[in-house]
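Dear colleague,

Please find below the structure that I am handing over to you, together with its sequence. My notes on it follow.

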Amino acid sequence: MTTSFTTSTPVTTITDSSTTLTSFSSYVASSTIFEPVAVSQTPVLAAQAQPVCIGNGVDALSSGLIETIAIPSVIGLLLWLLFAIIRPRFREIYGLREWFPPQDLRPRPLSDKLWAFLFPPVPLVPSVPTDVSDAGRSPVRDAELFPSDEQLSQRTLWMTFVIVLGWSIIGLAGALPLYLVSTSCLADSAPHATYMGVYSVLQDLSLLRLLRYYDNQSTSSTTTSFAKRATDGTRLTNARVRIIILTILLIVLAVIPGVWKILKEFNRAVAYRERWLKVRCGDMDMAWISARKAPGFRGWGERRLKEFIVKSGLGSTLDTEDTTNGRRRRRQDTSEVPLTRVEEEKNLEVDIQGLFSIGDTQNLALLIDERDEILENLEIAETRYISSFRLSTPDPSIADLEPVKEEGMQNGKKLHISRPLPLGVAAAQRRNSRGNRARNPAYGSSSLTPTSYVAPSQYYKLGSLRGVNGDQGNDASKVYPSLSDSINQRVVGSRFQEISHRNSGVYGDIPLGSHVKLKAGELRRVETGTTEQTIPDPTRYGPNYEIEEVDTSWDDQTNPTSQTQTEGDTDNTTANHNRAETSDMGSIAEETGDEWVDLMHEPPETFEPSPVTSPATDSAMTPTGSGRERRDYFGMSPIRRRPPRSTETPSVGRRETFPLRTKRETDSVEQPPPHLRLQTRGPFVRPLSGLDHDSLGVIYADISRWRTQLKAINQDIAEAQREAYNDIADGSRIKGWLLVGRGLRFVPGAVMIEGRAKEDVRWDELQREMKIEGRLFAWVVIGITAIFLAAGLTAVAGLALGSAPDFSHYLPFLAPLAGPDGWVTGLALCLAPAVAATLFISIAVAIIGYTTQATGAISISGLEMITFKACFYVLTVVAAVWLMTIGAILFSMQAWSTGHERTRTVADGSIYMSFLALMLVLNVAIISPALLLLQPWRLLRIPASEKNAVTPRQRFRAVYPRTYNASFAMGCCILGLIFASTFSLIFPLIGPAVVILVFLTLIAHRYLIGYVYGRTRSQTGGLVQIWLLKRLGTLVAFQPFLMGLIFLTRRLWPEAGVLLGSALAVVLVVEGYAAWKTRQPGLRSLGNVTRNSLDTFEKTAQTPHLDLDEESTSLVSSSNRNTRMRGSFASVLEMMSMTLAITPALTRQRGPVPLSTETLDDLTATERAARTHPDAPPHLPALPFDDHAQEMSGVLYAPELLAPDPIIWLPNDSSGIARSEARDLDKYHHLQVTLDVRTQEDVLLPRRLSVSR
């Protein structure tokens, strides 16, 4: 029930000697009396939350604050711990700068300790030297004198941390006592809600408590007279003094120091950029002129345009002399002399020193993309072919322990390997004759090489050819290789050692088919029946020799000579050792028994255990049982008996690395482990046993097919490149021109490329030339994204206000949140809105970052600037200003409904919404830096890509470094700084939260820029950082502006005026000072001659010309160059010189622009890319040559025009197969090859195996 009455109160009395005048003031006083409401009528009110004073309990928002601190902190700390654990295990992701950049620019490697990344040998605050006199001496010194943009961002973060830390101290030590000391809490001073909802305990720690204290004093003082207030105004003065002190604290200790710190860092950044432009770039610029903006130059050849620029006085060093056929054409007409005098050439204000025409290369780009696919397929086939062979040793060793995946055995089928293609007609006839025979089932036999593919060159290596001539007779004077040399020359140890009757003079009279053995350096026949058996020594040949014996070919089994020769280079020691133990071998053979094999009726091998032959069987096999050995069909030599497989299971003590040893325990000899065994001869290459070698034929067929396609498409691309150069020379299909020079920003129609590097140009954008409609569409998408973000944040604000006074009355579905306090309610009011807002903002920033690529920016630096600006404005306007504003409006729904104290309630709502800003900051304070470090998407993608990578090039592209993105790296800090600059004194609790966020981001950022982010893009000299510092200076005005508006609702005119005036002054000072410091001379600063030259250039460019006779008007006619000539050029340089009739830019002294970066293109810098492996040695010898990318670093034609024939990148193997393939590809197919570098030994030989370039 509300009661109103009118009363009059004397307020002024004036008394003199004759008259006394008293004035009265009438006002209407009203009071509201709340009558108790029956519980049965409104059951919801009975369950509503009760207000709690700070220190007397915990309400819903307080519990939500605790949960918001605890849950994200635990998740964030787990992410930090996860990163600390997996960092040493993923060096290709988290230690990329330790192996990717040039060796001199790599940081010191970190240890594998858990928390080593917290203290890397990288400065927390990078220095910006002012003395750059020794610039250019070395890349390392230049990196110290000119820090990268990432390092400048680190300095900006440090400055932000210092400012927010100061604001936090002022808020906690200065503002918070003003709010709490001798003031009543909101539970006692704030009016109760009409329906549901209460003020939170958190609001007792904000400016709202002081304002309620002031409102109560002002309301009580209105019922007393002025004289009474003068005598008893202590309480009123106390509240007003607190507000005055707060205003002074804000302006003097928060705003002014913050602006001063920002402007100081701004001056340092601007001075650094000036040094960077003058010293690092040499005052050189890069610019782009679109053909649409210069229709007058359509149809002009490049040389004609260069001569026009020189004649116009805008260039002095452009090479316009004809170099056709290697000779320069001298100027014959005095009219061709440029207007610029020689003495003025060095002082030109606008000096175009390089001009590069950009033509239509879309079709050429498609061809190069197709070639890249062909190259990848060829490298995959070559890699699989190389991996199909391995290095093996005569004796078992560690090399034989490599596990082989036997896929064919899964189906119960034995895999086979066929012979390579033999040479000669007779061999072809033998091969055809074998076609009707059953395929040899020998599994993994090293003596049988494939026929369906070409084996490595070692298979076809011939022996010594000394003494070979056309004489078919027996000439004793012929020189033959010794048997030892002949044996040692073999690469595969399963081939025959052929000895013909013609060699009997050398080796002696050896009966055909006899068993032979090397004795004292001479080949002698092994007598039948002696104790010297041909069974090899199992103690020397080890573990699986019997299995290998069964698995070997029938040729090996029927020719013990080959098996004996497989043992390697037998010296006297080995021969003596063999003779000493042959008796034991013979006894073993006698004990185990023999098994006769009939070649006419059964296969030569069986893998089943052979039973011991009975005496009856043995006697049946020999004539008359006399024990005489059975001879072959020619009666010459005895057929070798194959010893059966031993069925005896060795004891556990005898099971070594290689099981199934067939030696007696009584005669066992201590045998060294495989990796310590002394091999009798060098290793040899053989195919992998477990590979289905029919598939090798498919692999080699793929190699032939892709190799042929690669050579064909190389010719097509060379022809297309020559056609494109002809178009440039003719001036046809020109998209625009890239300029390099001084003062290019004065050139009409020129768009600056701030990165000043080849990698900074968006070549695809130059080809598309996006129109205004496309750019407008991109900005429309960004605007719609901002609108959707605003709608989502509106819902977030509504959810966060669920327990606000009288708010749930208008949104009944939020009524449960205004009920009794609880932990679930706290989650719904604090953590849920914070998570939802974070998700909405992240999605919006990602959409903006993707959409800005369609804004038509011609450079990556320009694109990054547009993206950063768009994200900053969206975060400021939507995520901060809109969120606080719409929350304040929703908070005052009751006031807008009743029309009572609307502005005052809106001001209270803006303070109330500061708790949501605190929740947002706490939600990302620990998780956001951890995610920056962890890079979850990259962590999931790179290991999977590496696992699927077959070739070194695929591996290189999988681990290629990620570049720095200021929008994502600093987005959370920018949002936190916006909230801190708005509420650090209004709600002091937000300051420490922002300090934690910025500090942890600073720690993560230092590690990322030092060890993770690749600097493969160009630098801008701190352009983004300068703009950010200027905007941060403007953000400082937010808090005095908001506080001034709040004081206006209380009619505190002086304080509000001072605060609003200071906010305006901050904006004017920061913006004005920044504009003054970054100003650039205008067109009027140029001389008259230069301005006339620019006017001539603009007039000619804007006046379209219709050249019907291009052949007669062009200074480069078809008679002066080789047109449409067939064939391929030796290099891109020759193509440029012969087609464009100019000397390539790289033949002159290369200037500072275009700038160099850490970019490694695996197609143009393959040799350097081959050294960028995480396991490669840290210090490798320098390449003795410049690769194609280095040679073309000063040429700014389209990359498709400069693309050379690709270099095939193969993995390096210990068997030498890759080097053999590289030599073959270079020698027979003229394809350049490089090998992957994993160890120091890989670079001992010249890295470029192909000498032709």
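**Notes on the model**

The residue that follows helix α35 is R1051, and its phi is positive, near 60°. Please bear in mind throughout that this is a predicted model.

Helix α35 itself covers residues 1038-1049. With 12 residues at 1.5 Å a residue, the helix should span 16 Å, and its end C-alpha atoms are 17 Å apart, which agrees. The buried residues in α35 are Q1039, P1040, L1042, M1043, G1044, I1046, F1047 and T1049.

F1047 also belongs to the largest nonpolar core, which has 167 residues. Together with L207 and F979, F1047 is among the residues with the most contacts inside this core. Helix α25 (residues 860-891) supplies the largest share, 15 residues. Because domain 1 (60-218 + 234-280 + 773-1019) and domain 2 (1165-1242) both give residues to this core, it lies between them.

As for F979, its contacts beyond four places in sequence are A879, A880, M884, A917, L920, V921, S984 and I990. A second, separate core has 86 residues, including F308, I368, L375 and Y385.

Strand β3 (residues 285-290) deserves a separate paragraph. Of its 6 residues, 6 are buried, so the strand is largely enclosed by the rest of the structure. Both faces are covered: one side carries D285, A287 and I289, the other M286, W288 and S290, and all of these are buried. Two strands pair with β3. With β9 (residues 734-742), β3 pairs in the antiparallel sense over 6 bridges, and M286 stands opposite V740. With β10 (residues 750-752), the pairing is again in the antiparallel sense, over 3 bridges, and here M752 is the bridge partner of A287.

Finally, a note on T68, which lies in helix α2 (residues 60-86). Is T68 buried or exposed? Its relative accessibility is 0%, so T68 counts as buried, the cut-off being under 20%. A polar atom of the T68 side chain lies 2.6 Å from the backbone oxygen of G64. Apart from neighbours within four places in sequence, T68 is in contact with C830, L831, M919 and L922.

With kind regards

Methods
Residues are numbered from 1 along each chain as its sequence is written. This is a predicted model: local features need pLDDT of at least 70, side-chain atom pairs count only at pLDDT 80 or more; totals for chains, interfaces and linings use all residues. Side-chain values use heavy atoms; hydrogens and water are left out. Helices (H or I, at least four residues) and strands (E, at least two) are DSSP runs, numbered from the N terminus. The expected span of a helix is 1.5 Å times one less than its number of residues. Buried means under 20% relative accessible area, exposed over 50%, partly exposed in between (1.4 Å probe, protein chains only). A nonpolar core is a set of buried Ala, Val, Leu, Ile, Met, Phe, Trp, Tyr and Cys residues joined through side-chain atoms within 4.5 Å. Domain bounds come from an automatic or database domain assignment. Contact means heavy atoms within 4.5 Å. Two strands pair if DSSP finds at least two bridges between them. A polar contact is a pair of N or O atoms within 3.5 Å; within protein, one must be able to donate a hydrogen and the other to accept it, and residues adjacent in sequence count only if both atoms are side-chain atoms.
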